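Dear colleague,

Below it you will find my notes on what came out of the analysis, and I would be glad if you read them with the structure open.

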Amino acid sequence: MMTKYVYLFHEGRADMKDLLGGKGANLAEMTNIGLPVPPGMTITTEACREYYRLGGKFPEGLMDEVKEKLVYIEEKTGKKFGDPQNPLLVSVRSGAKFSMPGMMDTILNLGLNEETVEGLAQNTQNPRFAYDAYRRFIQMFGDVVLEIPKHEFEHILDRQKEKEGVTFDQELSAEALQEVIARYKELVERKTGKPFPRDPMIQLTMAIEAVFKSWNNDRAIVYRNLNKIPHDLGTAVNIQSMVFGNMGNDSGTGVAFTRNPSTGEKVLYGEYLTNAQGEDVVAGIRTPSPISKLKEEMPEVYEQFVNIAKLLESHYKNMQDIEFTIERGKLYILQTRNGKRTAQAAVKIAHDMVEEGLITKKEAILMVEPGQLDQLLHRQIDPSAKVEVIAKGLPASPGAASGIVVFDADEAEKLGKEGKKVLLVRTETTPDDIHGIVAAQGVLTSRGGMTSHAAVVARGMGKPCVCGCEAIKIDYEKKLFTVGNITVKEGDYLSIDGSTGRVILGTVPMKDPELSPEFIKLLEWADELKRLEVRANADTPEDAQKAREFGAKGIGLCRTEHMFMGPERLPYVQRMILAETKEEREEALSHLLPMQEGDFYGILKAMEGYPVCIRLLDPPLHEFLPSLEELLVETTELRVRGDNPELLAEKEALLKKVRSLHEFNPMLGHRGCRLGITYPEVYEMQIRAIFNAAARLTKEGYKVYPEVEIPLTIDVNEMKFFKERIDAIAREVMEREGVTFHYTSGTMIELPRAALLADELAEVAEFFSFGTNDLTQTTLGFSRDDAEGKFLNHYLDMKILKENPFIVLDRKGVGKLMKIAVEGGRKTRPYLLVGICGEHGGEPSSVEFCHQIGLDFVSCSPYRVPIARLAAAQAAVAEGEIVGTK
């Protein structure tokens, strides 16, 4: 049985994305639900993989299958491929499993040559249209298949326009276009040493191969790396009969969304051009009309389109992005896919579709990508600020950004790496600019609509973007742009507001985001569905309050070392460290005790009714002292001056202490509970401060639940040592104050030994919290700061590691230790509370893993709490589902 490499559209289905790619599966689905889709075929991704496996050769029988399917398409359209009288023309497009905007190039009007162009001119009674179609075909084929730079063709076209004294392509006459075609062919022969291929079958074969090859072009690889798409999937090839939107004023082409992709509002949103071909809309060469105008120009077509939009939404249960062409008053649907949208729109659409009865709450939860919510927690320009608006474009992607103006993607990337905030300003962006968009705070273009490349890519990345701002005139040579009499040079500051389209001189004050009612509702549904609790990492009452507003149910990590850094406290902390005797140490600690008590009082009160996990002092002591280098300089200066012997003696004593505390590897040194073992009085002061605060609040009628956390344990004997002290101090405080309150004590699992001996630790510890930042460092043997700066990128580029393990939890290694710890701990103590408080607690894939291994809670920074709540709900409902709208 030979492998089937080619499917006609009606032979496929929506669930065949792996084989037919996203576009092919969609065309199949639309054909089968009865939409007016121009007939065509899809060559499978398997054929592409086989092509690479054979070292760049077509699999056997592939072209025979293509020819056989062409016959069917010829019958359906009543046209013949390569026929001079009534030629069938096709488009050739790539289509991978995941949408990769602009990564793979399209070839339109394939099948034209000297003879067939005459047939096309005859049939359409429009020679100008026919030659324009041929001219475009040579240009696209030349660019995509023969790899002749686009600008060389553009140059010929521009010279012709100058010669004819016209501004726009569509003003060129049929004769002028024939001259352009002749020049194009000369260019091809000069560049490739061969004439432009005439035989339509050869054209088709070469185009298919070009699509296969484009799977591995630089842009595609950058995009896949950026979006974590595997490199071995391959791409499908879609070959579809052409329909023409440029056959006169009863024809046109456009792109529309079934709802507004920026706000989520339920209105048709899009644009079209009369008498134009598809790439005119997307390339942003002419500025299109809004879709609502179609209602006046072609009412029947508009009516039909509205009904199709409704049908598609209810069929796909999602907002659709639809490409359409009208050929002589007949509507064709070329493509539909789940529309890319801003986070604000994603939330509103998911919410509204539940209210409309179109989808369930579970489906709504899966429609929003948790990472996207970051945008909603995005800054906006403060509405009360006075701003100098110099121009207005289309509001293509929301949020606001300020930065220095840069006109070139490479320069944007370079400055971005140096930590500078830049705004990328271009006439229009192409897929080659993607690295510059990644590095920029936002994007501004002078051409292109809401569906142009810049708009789609920026929306996907959650970056602000203003498009089609025609008032700005860019001069790449001089590196500046002008608006009226204002000149903005490279390096000047500029701001854009992607929600309104405003372009503003200088930097502007920003304001923090507020949550919409739909967002709050969606998160309520998430809370109904999730099993994991979400807590926040917070060290101040203000952070705790913010976390509560974002829906945190407790604090999973309160770091106490931040509290020691205040200017009124540091002197006592340093006195404690420099103390020679226990008495001196306790004297210094007696000053810190009331301050710490005040800290804990504020945080426990802000989180009333919820647990607060307080980690005792974790960093090494030298962090609280001046650096060795600083002290060497100061003592040397004092010695040379010789005018202050007391101060010199004090600084020398300090220097001696700093030297004695100096560690070769402080990360693995005298820190965490090791300090508490050496100097028990430090931890005792903190424990007493926690329980004093709890007693005070209990007396005042508050319900508080402190959890005392011991960091960096490796052995049950450490836990026993501290547990005795914790229980003794708690009893003493409760008796003294005449109150009782609930407390627990547990440990942070951040070293491999602790994970491996969790069954023993759980004999004493009442809860575990994974400190995955340290657990990742100690499991991989990577010092985070050094690894990220020096070699981790090579590991990611070479695919030794798939993800940065400090951002996305390393499930294979660190995850295995976590599993061992959870199983071991719960074997000893079945109801052991287990959570995670490293930065992974707010990262969606890591949250999913925490759900899978049975953790009770995740904890993350307050601003990531909504993301974690959504991710936790998705983990609960998404067994095997695809999350987000990608």
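A crossing of two helices is called left-handed if the near helix is turned anticlockwise from the far one by less than a right angle, and right-handed if clockwise; helices (H or I, at least four residues) and strands (E, at least two) are DSSP runs, numbered from the N terminus. The model is a predicted one, in which local features need pLDDT of at least 70 and side-chain atom pairs count only at pLDDT 80 or more, while totals for chains, interfaces and linings use all residues. Residues are numbered from 1 along each chain as its sequence is written, and side-chain values use heavy atoms, with hydrogens and water left out.

Helix 4 passes helix 5 in a right-handed crossing. The axes of helix 4 (residues 114–124) and helix 5 (residues 127–144) come within 7 Å and cross at roughly 145°, where axes are lines fitted to C-alpha atoms, for helices over the stretch in contact, and angles run from 0 to 180 degrees between N-to-C directions. On the helix 4 side the contact (heavy atoms within 4.5 Å) involves E114, V117, E118, L120, A121 and T124, which meet P127, F129, A130, Y131, A133 and Y134 of helix 5. These residues divide into nine nonpolar, one polar and two charged, counting Ala, Val, Leu, Ile, Met, Phe, Trp, Tyr, Cys and Pro as nonpolar, Asp, Glu, Lys and Arg as charged, and the others, Gly among them, as polar.

Turning to the sheets, two strands are taken to pair if DSSP finds at least two bridges between them. Five strands form an open antiparallel sheet in the order 10-9-8-11-12; strand 10 (289–290) and strand 12 stand at its edges with a single partner strand each, so one side of each is left without a neighbour in the sheet. Strand 11 (residues 320–327) is joined to strand 12 by eight bridges, with E323 opposite Q335, and the two strands form a hairpin with two residues between them, where R328 in the turn has a positive phi of about 45°. Helix 12 (residues 299–316) lies across strand 8, strand 11 and strand 12, running at about 30° to strand 12.

A cavity is, on a 1 Å grid over the protein atoms alone, a set of points where a 1.4 Å probe fits but cannot get out, whereas a pocket is an open set with protein on both sides within 12 Å along at least five of seven lines, and lining residues have an atom within 4 Å of a point. The largest cavity has a volume of about 40 Å³, a volume being the space filled by probe spheres set on the grid points, which are joined across faces, edges and corners. Its lining consists of K23, L27, S91, R93, N238, Q240, L334 and Q335.

The second largest pocket has a volume of about 900 Å³. Of the 42 residues that line this pocket, D618, R671, N773, D774 and Q777 are the closest to its centre. Helix 29 gives the largest share of the lining, five residues, and the lining as a whole divides into 14 nonpolar, 13 polar and 15 charged residues.

With kind regards
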